[in-house]
Amino acid sequence: MSLAMRHTGRVVLYGVLIFFAAYYLLPVYMLVLTAFKPFDRVSVDQMWNLPTSVYLESWTRAWPLVAPNFWNSVLITVPAALISSFIGSLNGYVFAKWKFRYSNLIFMLILFGIFLPYQGILIPLVQVLTFVHLYGSIPGLILVHCVFGMPITALIFRSYFVTIPRDMLDAGRIDGAGFFGIYWWIMLPIAAPAFAVALIWQFTNIWNDFLLGVVVLSNPSLAPMTVAINNITGTFSIEWNLQMAAAILAAAPTVLVYLLLGRLFMRGLLAGALKG
Amino acid sequence: MIAPSVLAVLVFIYAFILWTGFISLVNWNDITPNYTWVGLQNFGRLFQTPRFLIDIRNTAVFSVFFLTQCLGIGLVLAILLDQRIRGEAFFRTIYVLPFAISAIVTGVAWKWLMNPSAGLNDIFDAVGLDFLQNRWYADPNIGIIATSIAAAWQMSGYTMALYLAGLRGIPGELRDAARIDGASGVQYYRFIAIPLITPVTFTAMIILGTISLRLFDLPAAMTGSGPAFATDTPAFFMFQTTFQQYRYSQGAAIGVIMLIFAIGLIVPYFLSVKDEIER
C-alpha cells in the first residue's frame with residue numbers, strides 16, 4: 001500500500017469517527033441549545049437557530065419545578081445503591097468462595113433477575129408492598145431497587161472474588177477467622193475496585209429507572225426525577241425550553257459520574273455481559 | 001443477611017412469577033380482587049385484541065431494526081477504534097455517553113429531533129437527502145422504526161464497547177501471525193477477529209433482545225402508543241391495562257407472555273455460559 005493511499009485511508013477513518021461523534025452528540029446539542037433559548041425562539045421552524053444571547057431563565061425556572069423530585073431521586077438512589085452493593089458483596093463472596101449444594105443453580109436463578117421483564121412480577125410486587133404498607137413510599141422503592149439490584153451486584157462481586165487466590169482464605173482460616181472474619185478482614189479490604197464498579201453501576205441504573213418508579217411511586221410529590229420529567233414533557237402547558245432544561249438536570253448526575261469515572265463505568269458495563 | 005437476601009430475591013422473582021401466572025388464570029378484571037378461575041380466557045381474549053397483535057408485530061420489527069443498528073454500528077466503530085487511533089479515549093467516551101443517559105431523557109431529545117416538520121428533516125433537506133425526510137413516529141407505518149433509531153442511539157455505543165473488549169481480548173500473537181502470513185487488515189477481521197468474537201455477538205443479541213422485549217420508557221417518553229398503536233409495545237399495553245384500567249388478570253396475561261419470551265431468550269444463553277459460571 002502506498003503512503004498516499006494509507007494517508008487517505010487515515011483521513012477517511014477519522015472522518016467516519018468524527019461523523020459518529022456528531023451523531024452521538026446531536027441530541028445532546030439539541031437539548032442544550034433549546035434550554036438556552038427563550039420561549040419565543042424555540043418554535044419548530046427556528047429549531048436549529050443559535051440563541052441570540054445566552055438565556056439563563058429556563059434554568060432558574062426549571063429547577064424549582066423539578067427540584068423536589070431531584071432530591072427524591074437522591075434519597076432513593078444513594079441508599080439503594082449503597083445497600084444493594086453491600087448485600088451484593090456478601091452474596092458475591094458466598095457464591096465465589098463457599099460452594100454448597102446447588103449453589104451454581106441458585107446463582108443462575110438469581111442472575112435471571114438481570115434480564116427479568118418486570119411486567120411479569122409487577123402485580124404481586126404492588127400487592128406485597130401494599131400489604132406491608134410500603135407501597136407509594138420512598139422506602140418501598142428503595143427496597144425494590146435493593147432486591148432487583150442484587151443479581152447484578154452479586155455478579156460483579158462474584159466475578160471479582162473468584163480471582164482472589166484460595167491461599168488467602170486458607171491463611172485467614174489458619175488464623176482462626178470464620179466465614180464473616182474472612183469476609184471482613186480479608187475480602188472486604190481488597191474489594192474496593194469491585195465496590196466502585198457496583199456503586200457506579202447501581203447509581204446509574206437506579207437514577208435512570210422509570211418503570212419501577214412510576215409503578216411504585218407515581219405520587220407526583222414523591223416521584224423520582226424520571227417520572228417528573230415524563231410528566232412535564234407530556235403536558236403542553238410547560239414551555240419546551242423548560243422541558244429541555246429539566247431533562248438536562250435529570251441527566252446531569254449520571255453523565256457527570258460517567259465522565260469523571262468512565263473506566264469504572266466501563267467495567268460495570270462489561271460485567272453485565274457474562275461472556276465477551 | 002445472606003440467606004435472607006438470597007431468599008428475598010428468589011421470592012421476588014419466582015414466587016411473584018407463579019402468582020402472576022395464577023392471576024392470569026382468574027377473573028380479576030376490576031379494581032376489587034376476584035379470584036374466580038377462568039382458565040385461559042384472558043389469554044384467549046388477548047390474542048383476539050388487535051392492539052396486542054400489533055404490539056407483537058411492533059416488538060418483532062423493533063428488535064430487527066434495533067439489533068441491526070446496534071450490532072452494525074457497534075462492530076464497525078469497534079474495528080475502527082482498534083486501528084491505534086489518536087484520541088481513542090475521547091471518541092470512546094462520546095460513543096458510550098448515551099448509555100449513561102436515561103431512556104426518558106433520550107425520548108425527550110429524540111421526540112424533538114424527529115419532529116415531523118423540522119429537526120432531522122431540516123438536516124436531510126440541507127444536505128440534499130430529501131428522500132430521507134418523513135414523519136417519523138407520527139407515521140403509523142414506520143413509527144416503531146423511529147423508536148428503534150432513538151433506542152439504537154442509546155445502545156449502539158454500548159455494543160461497540162462489548163465488541164472492542166472482545167477485539168482487545170484477542171492475543172496479539174494471532175494478529176502478528178496473520179500479518180506475517182500476508183493477511184491484510186480487512187482479511188484479519190474477516191477471517192480471524194470477527195469469527196473469534198462470535199460469542200460477543202451472541203451475548204449482545206441476547207441483551208439487546210431482552211431490551212427489545214421490555215421496551216417501555218422510550219415509547220412512554222416519546223409517543224405513548226402513537227397513531228394507530230404504531231409505537232405501542234407489550235410492556236406499555238401491560239402498564240395501561242393493569243395500572244390505568246385496573247384489569248389485573250388481563251395485564252398479568254401480557255406479563256406471562258413476556259416472561260415466556262424472556263425465558264426463551266435467557267435459557268439458551270445461560271446454558272452457553274454455564275461452564276463459565278461453574279468454574
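Modeller: A residue is called buried if 20 or more other C-beta atoms lie within 10 Å of its own, exposed if 12 or fewer, and partly exposed in between. Please bear in mind that this is a predicted model.

Colleague: By that rule, is Tyr246(B) buried, exposed or partly exposed?

Modeller: Tyr246(B) belongs to the loop between helix 12 and helix 13 of chain B. Its phi is positive, about 55°, although the residue is not a glycine. Because 14 other C-beta atoms lie within 10 Å, Tyr246(B) is partly exposed.

Colleague: Which class does Ala228(B) fall into, buried, exposed or partly exposed?

Modeller: Ala228(B) sits in the loop between helix 11 (217-222) and helix 12 (234-243) of chain B. For this residue, which is not a glycine, phi is again positive, near 55°. It has 14 C-beta neighbours inside 10 Å, and therefore Ala228(B) counts as partly exposed.

Colleague: What is the secondary structure of chain B?

Modeller: Read along the sequence, the pattern of chain B is α-α-α-α-α-α-α-α-α-α-α-α-α. The C-alpha trace of the chain spans about 75 × 55 × 35 Å along its principal axes. In total, chain B has 13 helices and 0 strands.

Colleague: What percentage of the contacts in chain B join residues at least 24 apart, among contacts between residues at least 6 apart in sequence?

Modeller: Chain B has 279 residues, of which 48% count as buried. Among its contacts between residues at least 6 apart in sequence, the share joining residues at least 24 apart is 69%.

Colleague: Where in helix 7 of chain B is the kink centred?

Modeller: Helix 7 (residues 143-168) of chain B has 26 residues, and its first and last C-alpha atoms are 37 Å apart, close to the 38 Å expected. The helix is largely enclosed by the rest of the structure, because 23 of the 26 residues are buried. The kink in helix 7 of chain B amounts to about 40° and is centred on Trp153(B).

Colleague: Which elements are included in what covers the buried residues of helix 12 of chain A?

Modeller: Helix 12 (residues 262-271) of chain A is mostly covered, with 7 of its 10 residues buried. Among those buried residues are Phe265(A), Arg267(A) and Leu269(A). The cover includes, from chain B, helix 7, and from chain A, helix 5 (138-161), helix 8 (192-208) and helix 11 (240-260).

Colleague: How do the residues on the side of chain B that touches chain A divide by class?

Modeller: The contact brings together 77 residues of chain B and 64 residues of chain A. On the side of chain B, helix 13 (residues 248-277) gives the most, with 14 residues. By class, that side of chain B has 57 nonpolar, 15 polar and 5 charged residues.

Colleague: Which residues does Ile110(A) contact, leaving aside its neighbours within four places in sequence?

Modeller: Ile110(A) lies in helix 3 (residues 103-115) of chain A, and it counts as buried because it has 22 C-beta neighbours inside 10 Å. Ile152(A) is 42 residues away from Ile110(A) in sequence, yet the two are 8.9 Å apart, C-alpha to C-alpha. Apart from those sequence neighbours, Ile110(A) is in contact with Pro151(A), Ala154(A), Val6(B) and Val9(B).

Colleague: Which residues does Phe112(A) touch, not counting residues up to four places away in sequence?

Modeller: Phe112(A) is also found in helix 3 of chain A, and it is partly exposed because 18 other C-beta atoms lie within 10 Å. Its C-alpha atom is 9.7 Å from that of Ile152(A), 40 residues apart along the chain. Not counting residues up to four places away, Phe112(A) touches Ile13(B) and Ile266(B).

Colleague: Which residues touch the most other members of the largest nonpolar core?

Modeller: In soluble globular proteins, nonpolar side chains tend to be buried together. The largest nonpolar core here has 179 residues, and those touching the most other members are Ile156(A), Phe157(A), Ile229(A), Ala246(A), Ala247(A), Val105(B) and Tyr163(B).

Colleague: How many residues does each domain of chain A give to the contact between them?

Modeller: The domain assignment of chain A gives domain 1 (3-35) and domain 2 (64-271). Their centres, taken over C-alpha atoms, are separated by 34 Å. The contact takes 4 residues from domain 1 of chain A and 6 residues from domain 2 of chain A.

Note on methods:
Residues are numbered from 1 along each chain as its sequence is written. Chains are lettered from A and ligands numbered from 1 in the order in which they are written. This is a predicted model: local features need pLDDT of at least 70, side-chain atom pairs count only at pLDDT 80 or more; totals for chains, interfaces and linings use all residues. Helices (H or I, at least four residues) and strands (E, at least two) are DSSP runs, numbered from the N terminus. The expected span of a helix is 1.5 Å times one less than its number of residues. The bend at a residue is the angle between axes fitted to the seven residues ending there and the seven starting there. Two residues are in contact if their C-beta atoms, placed from the backbone, lie within 7 Å. Ala, Val, Leu, Ile, Met, Phe, Trp, Tyr, Cys and Pro count as nonpolar, Asp, Glu, Lys and Arg as charged, and the others, Gly among them, as polar. Domain bounds come from an automatic or database domain assignment. A nonpolar core is a set of buried Ala, Val, Leu, Ile, Met, Phe, Trp, Tyr and Cys residues joined through C-beta atoms within 7 Å.
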